[in-house]
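Please keep the sequence and the 3D view open as you read.

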Amino acid sequence: MPVTGKYSFAATLNYSTLAAITLSLGSGINPAFYIRQNSSNNVIGGLFPLLNVSLTLLTFRAILGNGTVTLAGDLLLNAGDTIDLYYEANGLTVGLNLGGVNSAGMVWSCHRIS
């Protein structure tokens, strides 16, 4: 950041899977997008939307084939801090088209508010 202050961040991140989900995700697999401060500290996060189904003989947990992850928050930052947007698969092995189908895209913004 060019100057110390309070900044507002917002991101809308669309995605689509490149293949059908064939296996249920384990309970510890939680893919997400994060805004990181100085390349190491996750300061704002958003998990992928998941479908959890439990029927008599079936339990299934998977990300949606198309979806949107939204991140928003305010941060107190110092002059010289860097902010980056990261994707963490956290064990998700299916390929993704970041930006989604139909060119929905990815948008993020930062505004100094004080």
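How many helices and how many strands does the secondary structure of the protein chain come to? The count is zero helices and nine strands, where helices (H or I, at least four residues) and strands (E, at least two) are DSSP runs numbered from the N terminus. Read from the N terminus on, the elements run β-β-β-β-β-β-β-β-β.

A word on the ground rules. This is a predicted model, in which local features need pLDDT of at least 70 and side-chain atom pairs count only at pLDDT 80 or more, while totals for chains, interfaces and linings use all residues. Residues are numbered from 1 along each chain as its sequence is written, and side-chain values use heavy atoms, with hydrogens and water left out.

**Overall picture**

The C-alpha trace of the protein chain spans about 55 × 30 × 20 Å along its principal axes. Of its 114 residues, 32% count as buried; buried means under 20% relative accessible area, exposed over 50%, and partly exposed in between (1.4 Å probe, protein chains only).

Side chains of opposite charge can pair when their charged atoms come close. The structure holds one salt bridge, defined as a side-chain nitrogen of Lys or Arg within 4 Å of a carboxyl oxygen of Asp or Glu. Arg-36 and Glu-88 form it, with their closest N and O atoms 2.0 Å apart. Arg-36 lies in strand 2 (residues 32–37) and Glu-88 in strand 7 (residues 83–88), so the pair ties together parts that are 52 residues apart in sequence. Arg-36 is buried, at 15% relative accessible area, whereas Glu-88 is partly exposed, at 25%.

The C-alpha atoms of Leu-75 and Gly-5 are separated by 8.3 Å, with the two residues 70 apart along the chain. Leu-75 counts as buried, because its relative accessibility is 11%.

**Two residues with positive phi**

Most residues other than glycine have a negative phi. Asn-38 and Ser-39 have positive values instead. Asn-38 is in the loop between strand 2 and strand 3 (41–47), and Ser-39 is found in the loop between strand 2 and strand 3 as well.

| Residue | Phi | Relative accessibility |
|---|---|---|
| Asn-38 | near 55 degrees | 35%, partly exposed |
| Ser-39 | near 60 degrees | 41%, partly exposed |

**Pocket and surface patch**

Which residues line the largest pocket? They are Ala-20, Ile-21, Thr-22, Leu-23, Ser-24, Leu-25, Ile-29, Gly-91, Leu-92, Thr-93 and Val-94. On a 1 Å grid over the protein atoms alone, a pocket is an open set of points where a 1.4 Å probe fits, with protein on both sides within 12 Å along at least five of seven lines, and lining residues have an atom within 4 Å of a point. The volume of the largest pocket is about 160 Å³, taken as the space filled by probe spheres set on the points. By class, its lining has seven nonpolar, four polar and no charged residues, with Gly counted among the polar ones.

On the surface, Tyr-87, Leu-98 and Met-106 form a nonpolar patch with about 240 Å² of accessible area together. Such patches join nonpolar side chains within 5 Å, using residues with over 30% relative accessible area and no salt bridge; areas come from the Shrake-Rupley method with a 1.4 Å probe. Leu-98 sits in strand 8 (residues 96–98) and counts as partly exposed at 37% relative accessibility.

Notes:
Patch = residues over 30% accessible without salt bridge, like charges linked within 9 Å, V, L, I, M, F, W, Y side chains within 5 Å.
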